[in-house]
Amino acid sequence: MNFHFTKMEGAGNDYIYVDEFKEPIPENIKSALTQKLSNRHYGIGSDGVIFIKPSKAADVEMEMYNADGTPGGMCGNGLRCVGKYVYDRSLVKEKTFTLESSGEMKKVEVIQTNPDGSAKMLKVDMGAPILDADRIPVTHAKTRPFEGEQAVIDEPIEVQGKTYRMTCVSMGNPHAVVFVEETDSLPLAAIGPHFEHHAWFPKRTNTEFVQVLNEEHVKMRVWERGIGETMACGTGCCATAVACILNHKTGNKVQVDVLGGRILVEWDREKNTVYMTGPAEEVFSGIINIKL
């Protein structure tokens with residue numbers, strides 16, 4: 001079967017985008033198709049696949065799958081890239097529009113364009129962070145009351161015989177944020193899977209390892225469930241900023257440096273909403289023949 005695709009990246013977090021406005025894809029093949037397309041040796045190579053679809057509730061809908069074929073839920077870098085895709089192709093008419101993902105509505109705004117008029121930088125209203133342990137979900141960890149929720153903030157977790165302290169946040173998908181002295185030498189490939197599959201996370205977890213540089217600036221490396229280490233994670237940057245603020249390590253605006261670039265996150269405490277701003281780039285488009 002031949003499939004049209006566009007590869008895009010946001011701060012190095014690369015996904016393959018399939019336009020279902022033009023070419024509807026049967027739901028029962030999306031998992032297998034994602035695994036084939038995402039393979040970096042035999043496919044195109046990506047952190048996963050995002051299907052762009054018409055929406056009855058918003059201007060457009062996105063459906064994200066991890067590279068291993070599992071549904072991924074929310075994807076911050078994907079939201080920005082889908083925003084660029086539909087803006088550049090005039091599938092939306094204004095610079096501010098709505099995007100549906102995992103049943104949630106997000107407002108996307110094109111805040112900077114390239115000389116040719118295409119979208120360069122986009123800002124997404126990511127909504128309120130979820131801190132309640134049952135909703136993230138995370139089990140067994142000690143919780144504390146926080147603004148009506150039972151939150152996991154700076155609590156111990158043992159992984160491979162070592163005790164870490166984590167803060168858990170959901171931005172539409174689960175995150176465990178761990179602060180470390182430095183990230184460059186972190187053996188992420190060795191410890192990341194043990195966090196992802198830890199018994200305390202019934203739906204697995206994304207894990208962010210964060211080095212605080214100052215009150216406005218942090219470095220982060222991320223292990224994403226169903227993928228492994230990625231160059232960036234938009235929801236992970238949001239969770240990182242929320243965890244930094246909850247642990248009094250930064251102010252409410254945080255620059256998050258990831259391997260693929262920089263993402264700016266602001267948690268508006270009065271509105272209780274998180275704003276994420278970052279780049280989106282189109283890499284190439286084409287047609288690929290895949291046997292399923």
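Predicted model: local features only at pLDDT ≥ 70, side-chain atom pairs only at ≥ 80, totals over all residues.

Biologist: Okay, how many helices and strands does the protein have?
Modeller: The secondary structure comes to four helices and 19 strands. The radius of gyration is 18 Å, close to the 19 Å that the globule rule gives for 292 residues, so the protein is as compact as a globular protein of that length.

Biologist: And what does the C-alpha trace span along its principal axes?
Modeller: The C-alpha trace spans about 50 × 40 × 35 Å, and of the 292 residues, 56% count as buried.

Biologist: Now the helix: which residues of α1 are buried?
Modeller: Helix α1 covers residues 30–38, and within it K30, L33, T34, L37 and S38 are buried. Seen down the axis of α1, these buried residues fall within an arc of 120°, so they line one face of the helix.

Biologist: Why would residues three or four places apart point the same way?
Modeller: They do so because an α-helix has 3.6 residues a turn.

Biologist: What do the buried residues of α1 pack against?
Modeller: They pack against five strands, namely β1 (2–10), β2 (13–19), β3 (48–53), β4 (60–66) and β19 (281–289).

Biologist: How far apart are the mean positions of the positive and negative charges?
Modeller: There are 32 positive and 40 negative charges, and their mean positions are 2 Å apart.

Key
Residues numbered from 1 in each chain as written. Heavy atoms only, no water. Buried < 20%, exposed > 50% of the residue type's maximum accessible area, 1.4 Å probe, protein only. Helix = DSSP H or I, 4+ residues; strand = E, 2+ residues; numbered from the N terminus. Arc of directions from axis to C-beta. Contact = heavy atoms within 4.5 Å. Rg over C-alpha atoms; globule rule 2.2 N^0.38 Å. Lys, Arg positive; Asp, Glu negative; His and termini not counted. Charge placed at Lys NZ, Arg CZ, Asp CG, Glu CD.
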